[in-house]
Structure formats: structure tokens, C-alpha cells
2 protein chains.
Amino acid sequence: MDKKLEELKSKLADLSDLGQAAAVLGWDQQTCMPVGGAEARGNQQALLGRLGQEWATSPELGKLIDELMPYAESLDPDSDDARLIKVSARDFAKATRVPTDFVVEFTRVTTMANQGWVEARQKSDFSIFQPHLEKIVELRRKYATFFPEAKHPYDALLDDFEPGMKTEDVKAIFTALRPQQVELIKAIAAKPQVDDSFLHQTFDEKKQWDFGVEVITKFGYDWNHGRQDKAPHPFTTGFGYSDVRITTRVDPNFLNPMLFGTMHECGHALHGMGFAPELDRTGLDGSASLAIGESQSRLWENLVGRSLPFWQHFYPRLQEVFPSQFGNVPLESFYKGINKVHPSLIRVEADEATYNLHIMLRLEVEIAVIEGKLAVKDLPEYWNTKMREYLGVTPPNDAQGVLQDIHWSFGAFGYFSTYALGNLVSAQLWEKINQDIPNLADQVRAGKFDELLAWLRKHIHRYGRKFQPQELVQKVTGSKIDPAAYMRYLRSKFSEIYGM
Amino acid sequence: MDKKLEELKSKLADLSDLGQAAAVLGWDQQTCMPVGGAEARGNQQALLGRLGQEWATSPELGKLIDELMPYAESLDPDSDDARLIKVSARDFAKATRVPTDFVVEFTRVTTMANQGWVEARQKSDFSIFQPHLEKIVELRRKYATFFPEAKHPYDALLDDFEPGMKTEDVKAIFTALRPQQVELIKAIAAKPQVDDSFLHQTFDEKKQWDFGVEVITKFGYDWNHGRQDKAPHPFTTGFGYSDVRITTRVDPNFLNPMLFGTMHECGHALHGMGFAPELDRTGLDGSASLAIGESQSRLWENLVGRSLPFWQHFYPRLQEVFPSQFGNVPLESFYKGINKVHPSLIRVEADEATYNLHIMLRLEVEIAVIEGKLAVKDLPEYWNTKMREYLGVTPPNDAQGVLQDIHWSFGAFGYFSTYALGNLVSAQLWEKINQDIPNLADQVRAGKFDELLAWLRKHIHRYGRKFQPQELVQKVTGSKIDPAAYMRYLRSKFSEIYGM
């Protein structure tokens with residue numbers, strides 16, 4: 001079996017190296033590539049994508065995995081090798097279920113749909129995107145039929161982003177969460193609003209950049225294994241755990257995008273830098289799921305970066321960097337300002353208390369559309385109604401409503417809920433971490449993050465994709481993904497801020 | 001045949017896309033990659049390299065080419081398709097002659113040799129590099145045996161960089177050139193030296209960069225299809241003709257590296273941006289040879305960039321940018337300064353009049369070593385003797401002598417002569433261009449380069465690898481590579497500068 005296992009690992013290493021090469025090309029495309037290079041880049045990526053698809057579905061790989069399954073069963077089920085074989089078997093089974101014709105057609109349709117979405121959003125006209133989205137929905141429903149054993153067709157879509165997670169689980173989580181969040185927002189709305197006007201001033205771009213760098217360097221971002229660049233839509237990408245790069249956006253008239261964006265991406269990067277070296281080039285060196293990934297970015301951005309102890313340490317420094325902007329703003333006001341709750345139209349600009357409601361709306365749309373209970377043409381009206389119901393705001397147009405996100409144009413159904421699940425997990429982890437490190441707040445107040453990072457490395461990062469998300473959360477916190485911790489966090493934080 | 005030809009083109013497109021992807025990884029490695037990413041990058045590149053080698057030598061490709069050869073013979077021999085098939089046949093034949101074992105061994109030996117060279121140069125101790133170089137020479141001689149039909153074993157090495165060029169041709173060119181260059185240098189040395197101290201002052205790095213950008217933008221460098229970054233060893237790389245990137249080096253205390261380096265790399269890039277779109281992704285979209293490539297970089301760097309008309313246009317602007325450095329330096333003095341002839345130890349710092357002598361020395365070493373007439377251990381002494389003979393200078397140590405260049409540590413024998421051949425070709429082209437564009441000097445004096453660039457596009461760039469270097473030079477200038485034009489250029493230029 002040793003030889004077979006080596007053979008499997010060698011094939012997985014090739015697949016991994018190929019994926020890393022494609023990721024380098026993708027990073028370059030979004031940060032460096034001159035506009036005129038796009039067509040050539042498309043050809044290069046198409047080739048690497050084609051090879052990856054061929055290798056991931058090759059009969060030789062399937063045979064090898066089949067031969068190794070009995071061996072995997074004979075091992076400690078939590079050993080790296082047992083998990084490696086089983087995760088590979090799962091990946092292979094999923095990849096081979098989907099016919100190549102379908103993949104080609106899906107790529108064709110989504111490429112055009114993305115162009116349609118760009119135009120539709122520019123003109124704020126959903127009808128331009130509608131026929132594209134109808135095709136995508138048709139293909140997503142078709143995709144679900146390749147997994148007939150699923151209890152719900154949406155399960156197949158969700159599973160691509162949250163392995164093992166079921167539609168009924170997600171529904172149950174959000175059904176429990178929604179009334180509590182709506183109630184909290186109403187309670188906050190009844191209180192006097194906090195001021196955040198000082199965040200909307202002119203901030204020198206280089207000084208902003210340098211401050212962000214200072215913060216994430218203290219977090220533990222390793223510049224020998226990463227770099228930061230500018231990107232209009234910030235992202236993190238890694239080529240193995242030894243080269244994990246982040247991007248950020250700097251708005252000269254608003255501090256938040258750089259500040260919280262940089263911490264958010266750093267959270268992703270610390271995760272990517274923390275996969276166990278033993279998992280390198282095995283395909284297990286990735287996030288267990290998007291929600292687990294998001295729990296890491298959100299933890300550093302919000303649980304750490306929007307906390308009072310954090311600013312007790314960093315605010316004097318920020319005042320030093322921007323004396324005219326913050327010299328007369330007391331810490332307490334600043335802290336309240338960065339945590340202002342304000343129901344708004346745009347998901348990516350939403351605060352901690354309202355964010356999940358944006359997600360629930362999208363989840364409900366997706367499930368209803370996949371179930372055939374909601375027609376694509378009725379989406380804008382449905383959207384606007386729900387926005388009123390959950391957040392009390394009405395989009396003045398499609399661009400600020402149903403057309404605001406790019407995800408559906410890429411055919412990504414099942415993606416959105418992972419953002420909210422990530423929030424929930426971040427709070428579950430935070431409670432556990434504070435039990436394990438009782439003086440964590442003091443450490444943060446002293447600008448020390450090494451014990452926190454070590455905890456995350458040990459309990460989350462190093463495992464990569466070894467465990468499924470629910471399994472990992474259960475293992476670490478003692479329960480599956482659950483909204484209680486997040487609600488406790490929100491209530492405690494905002495009661496204090498809004499004096500409730 | 002149409003179907004077979006399409007099949008060939010499809011395979012060549014894959015090979016080309018793969019090569020481009022590897023080139024993107026290479027560019028990133030030299031400009032962006034954090035140090036800690038090196039090992040992962042090595043794995044990614046090894047995979048792409050392995051695939052490229054497999055595809056370039058695959059029996060299916062060979063069979064296809066064989067089947068297409070009669071068709072190629074039936075076409076106009078200068079048609080794109082005929083050339084495509086024949087060049088592919090030549091590439092395939094060369095690639096399959098070399099056993100995979102040898103390629104693996106060569107990679108292993110040169111990887112270690114490169115490390116050995118780095119250490120040897122740091123310690124200025126040739127004995128550290130000697131055993132590595134002995135192995136490399138052994139492998140280079142072995143390589144030559146894979147091409148037993150060659151008249152001279154060095155032919156096989158030369159052919160990798162200058163397709164079709166023979167050792168006896170290169171020897172003949174240099175035998176004619178050497179006494180003339182040595183005589184010229186002696187004549188110059190008898191005259192009073194010109195002053196270039198004003199080039200060694202402090203120059204703001206950003207202002208240097210911007211001036212370089214201004215110059216090459218006027219040359220016609222297309223920023224929609226390229227970008228410039230910093231690199232310690234400047235280079236140009238292209239991913240197809242639509243994305244061709246340059247790098248430069250900025251020395252805060254010496255203007256020349258940025259100034260002439262930027263123009264040099266821009267010359268390469270204009271070449272790379274000019275391959276005919278019909279050749280895109282065929283494998284013909286490359287330089288006919290290194291000498292042809294170098295003729296383009298040298299033409300813009302020297303024939304244009306070190307000429308009086310060029311500075312009649314740009315010097316007032318340079319004075320504006322650096323008023324304290326050049327305000328009191330007249331144009332004539334500046335022009336003489338940038339053309340100062342000064343026999344020196346280091347090839348890459350050599351001026352136009354002495355440069356080729358550095359190359360001849362290396363060529364003689366390489367041929368003698370491959371012929372077995374010179375032992376590797378005797379190299380330092382041989383080197384120093386020749387330096388005295390040709391240039392009248394003696395290296396004080398190995399680092400400034402035989403160890404100065406990286407090329408041999410990579411196993412690149414046959415490479416150096418292409419630098420000098422490029423100089424010769426640039427002068428041949430320049431004479432022809434001036435016949436075809438009689439008022440070229442006036443155009444340059446007016447900062448206009450579009451007609452020059454159009455000429456190069458039409459006569460050189462668009463052909464890519466369709467023609468072999470000697471064939472191309474013959475086609476364009478009416479004679480093969482010949483030192484006469486270069487000697488006319490040097491004599492005329494330096495007689496004036498040094499008042500001979």
C-alpha cells in the first residue's frame with residue numbers, strides 16, 4: 001500500500017502544483033497584468049484549467065483511490081493518511097459526477113452572464129441580466145440532478161462551498177437567528193445614533209497603508225511569505241502555505257475600507273500560512289470550507305479589530321498618524337463610530353449587526369429559485385420587499401438592490417450563506433478562545449497576538465481540509481455551527497455601545 | 001491536410017500557452033515573489049517544465065509533423081504554414097535527440113553549479129567553482145555527441161542560441177573583427193580622455209524612473225500591453241505579443257544603469273510586441289535568435305540612445321529634470337561622456353568600443369575548452385592573459401575576472417557570442433534603415449520614432465522565428481552577419497568624439 005499511497009500523493013502534488021500555478025496567474029491578472037494581456041491570460045488559464053479537470057477525473061486516479069480505500073479504513077480515522085484518501089475519494093466522486101459537456105456549457109454561459117451582469121449593473125436594469133440568470137438557474141438545477149441522492153436539490157450547490165452541510169441545517173440556523181437579529185436592530189434603532197463622521201475625512205493614502213501594515217505585522221503576518229498589493233476588490237490568495245498574498249483598497253476619504261479590509265484579508269492569510277507542512281501539496285492544504293475561512297477573516301477584522309481592547313492599544317498610534325483627524329476624538333467615540341449600526345442597502349458595507357440579514361435574504365432567494373417557487377423575473381420585487389421587511393430600507397434601483405453582487409453571474413449559488421456562517425463560527429471560536437486564554441483581552445490591549453495566533457494555528461489552521469466544517473467546529477467548540485454565541489456577542493457589544 | 005495542420009497548431013498552442021504560464025511564474029519570481037515562496041515556485045515550475053518537455057517530444061507530435069512534411073514541401077517555402085511545419089520539425093528533432101536522463105542530470109548539475117558559482121564569486125575563489133565547471137564541460141561535450149553530424153562539437157551548443165550558425169562562421173567574423181577593434185582602442189587611448197564625472201552624481205530615483213518612462217513611451221512602448229518593474233538584473237519577458245514586460249534598475253549615484261538599461265529592455269520589448277498576430281501561439285512568436293533579439297535592444301540603446309540627434313532632442317528635457325546636475329554641462333560634453341571609451345574589467349559595464357573584445361575572449365575560452373585544448377583549471381590564467389592582450393587590463397582577482405558572469409554556471413555555452421553578433425547586426429540594420437529613411441536623424445532629433453519602429457516591425461519583428469538569423473539578416477540587408485558595418489559605425493563615431 002505504501003507504493004500506492006506514494007503514487008496517490010504524487011498525483012495530488014501535481015494537481016496542487018498546477019492549481020498553484022493557476023493561482024499565480026490569477027493573482028497577476030488582478031494586481032499586475034496590463035489590460036491588453038487579458039485574452040492571452042484567458043488562453044493560459046483555460047489550458048491549466050483543462051489539465052486540472054482531466055487529472056482530477058482521470059480513471060487512473062480513481063483506480064488508485066479505490067485500491068487505497070480498504071487501507072484508509074484500516075487506519076486511525078483521524079490520521080492524515082486516512083483523511084487524505086477519504087477527502088480525495090470525495091473530491092474525485094464529485095468531480096466525475098459532472099459531465100465535461102456540462103462544465104464547458106456552464107463556463108460558456110457564465111462568461112456571457114458576467115458580461116451581462118456588468119452591463120445590467122451599469123445601467124441598473126435587471127432585465128438585461130434576467131435571461132442570463134434564467135439560464136444559470138436552469139444549469140444549477142441541472143447540476144443538482146447529478147447528485148440525485150441529495151434530499152434537497154440545493155444541498156448539491158451548498159456542498160461545493162460547505163462540504164457536508166445540508167439545506168435543512170442552514171435553514172434551521174437562519175430561522176433561529178433571523179428574529180433575534182431583527183429584534184436587536186429595532187432596539188438599536190430606538191436609541192440615539194452614534195457619530196462616525198470622523199471616519200469620513202481625508203486620509204493620506206500612504207499613511208493609511210503604513211498603518212494597516214503596522215497592525216497586521218503585529219497580528220503575525222509573515223512578510224517573508226507574503227506581500228500586500230492594491231486591488232479594487234481585495235482578496236487573499238495562496239500558492240501553498242509558503243506564499244500567501246493579500247490585497248487591500250485605500251479610499252482617501254474613508255478610513256474603513258483600508259483598515260478593516262486589511263485586517264480581514266490578513267485573517268485569511270494567517271489561515272493560509274498555517275496549514276500543516278505535512279499537508280503541503282496534498283490537496284488538504286486549503287480551508288475546510290468557505291465558512292471556516294470566513295470565520296478566520298471575520299475574527300481578526302471584527303472580534304479583534306472592532307474591539308475596545310484592540311483600540312486601547314492602537315488608537316493612540318492612529319491619533320499620532322492622523323493628528324488633525326483624530327486629535328480631538330476620544331477613544332470611546334472612535335470605538336462607537338467604527339461600530340455604528342445602520343441598516344443599509346449594500347451587503348459589503350453592512351455593519352456586524354445587520355450583515356447577516358443581507359445574507360438571509362439571498363439564501364431565501366436562492367432556495368426559492370432552485371425549488372422553482374420563485375421566478376427569476378420576480379426577483380427584483382421579492383428582493384425589495386424582503387429588504388423592507390428585514391432592514392427597513394428600500395433600494396431605489398436594481399443596481400443598489402438585486403444587482404449589487406457579482407456572485408450569481410459566475411453561477412455561484414450556495415456561496416452567500418457561508419459569509420453569515422463564518423460570522424457565527426467566529427463568535428463560537430471567540431468564546432472558546434477566551435475560555436482557554438482567560439487574559440486574552442489584556443494581551444490584545446498590550447498589542448500581543450502571538451498566543452491568539454498560536455491557538456488558531458493549533459485548533460483550526462493546521463488541519464486545512466482534513467475535517468469537514470461541522471466536524472471541525474464540533475471538535476473545537478463542542479457543538480456544531482450555532483447562532484447562540486454570535487447573538488450573545490452582538491447583544492453584549494451593542495447593549496453597551498447603544499446604552500440598552 | 002487541413003485537419004492535420006489544425007491538429008499541429010492546436011498542439012503548438014498548448015505548448016505556447018504552457019510556456020507563457022511558466023514565463024508569468026518566472027516574471028513573478030524575479031519581481032514580486034516573497035523569498036519564502038521559492039521552494040513552492042520550484043515545484044510549480046518543475047511541473048510546467050516536465051509537461052513542456054513531454055509535449056515537445058511526444059510521439060504524436062512527431063508523427064503529425066512527419067505526415068505534414070510533404071505538404072510543407074508543396075507550399076511556398078516562405079509561407080507561414082511551410083515555415084511553421086519546418087521549424088516545428090527542427091525543434092522536435094532537436095528536443096528528441098537529447099535523452100531525458102541527460103536533461104535530468106544536467107538540471108541537477110547546473111543547479112548545484114550555480115550555488116557553487118555564487119559562493120566562488122563571493123569569495124573570489126575559482127577553485128570552488130572549478131569542479132562544477134569541469135562537470136558542466138563534460139556534460140556539454142556529451143551534449144554535442146547527440147548531434148554527431150555537426151562538423152564541430154561547438155556547433156551543437158551554438159545552434160541552441162543561434163539556429164543554423166556554425167562555429168567556423170563565428171570564428172571568421174571575430175577573426176576579422178578583433179584586430180580592427182584592438183587597433184581602434186589603441187588609437188583612442190592615445191587621445192585625451194573625455195570627462196564623464198557628471199554621470200556619477202546623486203539622481204533622485206523617482207525622477208530617473210519617470211525620465212526613462214518618458215523616453216520609451218516616445219519610442220512606442222505600449223503600456224496597455226506591458227509594464228515596467230524594478231529588478232536587480234533587468235530583463236524583458238513576454239507572454240505572447242500582447243503582454244510584454246520590462247524591468248529596470250535605478251542607481252541613485254549613477255545615471256547610466258537606468259537610462260541605457262531602460263532603453264535596452266524597451267528594444268527587446270518592442271521586438272516582442274511586434275510578432276505578427278498570425279504567429280501568436282504557434283511557437284514562431286519568438287526571436288529568430290539571441291543575436292537578432294540583441295540587435296533590437298542594442299539598436300535602441302546605442303544606435304539611437306547614445307547618438308547625438310537623440311540627445312539634441314532629449315538633453316534639454318534631462319537638464320530640466322536634473323538642473324543642478326546638468327545645468328552647466330553642455331550637450332557636447334554630455335554626449336562625449338556617455339560615449340567614453342575605457343577598457344575595463346567587467347563585460348556588463350563595457351562601452352561600445354570595447355564590449356566585443358570581452359565576448360571574443362569568452363568565445364575563445366569556450367571553444368578551446370570544448371575542443372579539450374584548454375583545461376578548466378587553467379582558465380583563470382588564460383583569462384587574465386587575454387584580458388591584458390585585448391584590453392590592456394589585468395583582473396586583480398577571480399571575481400572581477402573569470403567568475404564575473406553567471407552564464408557558465410547554468411551550463412550556457414554558446415551564449416556569449418550572441419551579444420557581439422547582436423551588436424554587429426544592429427549596425428548592419430542601421431545602415432539599411434538610414435538608406436530607407438534618409439531623414440532618420442532629423443526624425444530622431446525631433447523625438448519622432450514611429451517610422452523607425454514601423455521599419456523594424458515590417459522587416460524584423462513580425463517574422464518572429466520564421467527565418468533563421470543569417471537568413472533574416474541576408475534578406476533584410478543583402479548580406480549575412482558581417483563586422484564591416486559595425487566597424488564603420490565605431491570608427492566614424494569615435495573619430496569624431498576623440499578627434500582622430
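In strand β3 of chain A, the bridge partner of A:K230 is A:T248. A strand here is a DSSP run of E with at least two residues, and a helix is a run of H or I with at least four, both numbered from the N terminus. The model is predicted; local features need a pLDDT of at least 70, side-chain atom pairs count only at pLDDT 80 or more, and totals for chains, interfaces and linings use all residues. Residues are numbered from 1 along each chain as its sequence is written, chains are lettered from A and ligands numbered from 1 in the order in which they are written, and side-chain values use heavy atoms, with hydrogens and water left out.

Back to the strands. Strand β1 of chain A, residues 228–230, pairs with β3(A) in the parallel sense over 3 bridges. Two strands count as paired if DSSP finds at least two bridges between them. Strand β2 of chain A, residues 236–238, also pairs with β3(A), in the antiparallel sense and over 3 bridges. There, A:T236 stands opposite A:I246. β2(A) and β3(A) form a hairpin with 5 residues between them, and A:G240 in the turn has a positive phi of about 80 degrees. In general, strands of a sheet pair through backbone hydrogen bonds, either parallel or antiparallel.

Is β3(A) covered or open? Strand β3(A), residues 244–248, is mostly covered, with 5 of its 5 residues buried. Buried means under 20% relative accessible area, exposed means over 50%, and partly exposed lies in between, with a 1.4 Å probe and protein chains only. A:V244, A:I246 and A:T248 point one way from the strand, A:R245 and A:T247 the other way.

Now chain B. An open sheet of 3 strands has the order β1-β3-β2, with mixed pairing. β1(B), residues 228–230, and β2(B), residues 236–238, stand at the edges with a single partner strand each, so one side of each has no neighbour in the sheet. Neighbouring strands of this sheet are turned by 25 degrees against each other on average, direction ignored; axes are lines fitted to C-alpha atoms, for helices over the stretch in contact, and angles run from 0 to 180 degrees between N-to-C directions. β1(B) and β3(B) pair in the parallel sense over 3 bridges, and the partner of B:D229 is B:T247.

Next, one glycine. B:G422 is in helix α17 of chain B, residues 417–436, and is buried at a relative accessible area of 0%. Leaving aside neighbours within four places in sequence, B:G422 is in contact (heavy atoms within 4.5 Å) with B:A291, B:E294 and B:S295.

How many disulfides are there over all chains? The search finds 0, where a disulfide is a pair of cysteine sulfur atoms within 2.5 Å. The sulfur of B:C32 is 4.5 Å from the closest cysteine sulfur, in A:C32, which is too far for a bond. For B:C266 the closest cysteine sulfur is also in A:C32, at 20 Å, again too far.

Last, the two chains together. The contact takes 35 residues from chain A and 35 residues from chain B. The area buried between them is about 2,600 Å², of which carbon and sulfur atoms give 59%; buried area is the accessible area (1.4 Å probe) that two parts lose on being put together, summed over both. In chain A, A:P34, A:Q44 and A:L47 lose the most area to chain B, together 18% of what that side buries.

On confidence, the predictor gives the complex an ipTM of 0.94 and a pTM of 0.95. Chain A averages a pLDDT (the predictor's confidence in each residue, from 0 to 100) of 96.
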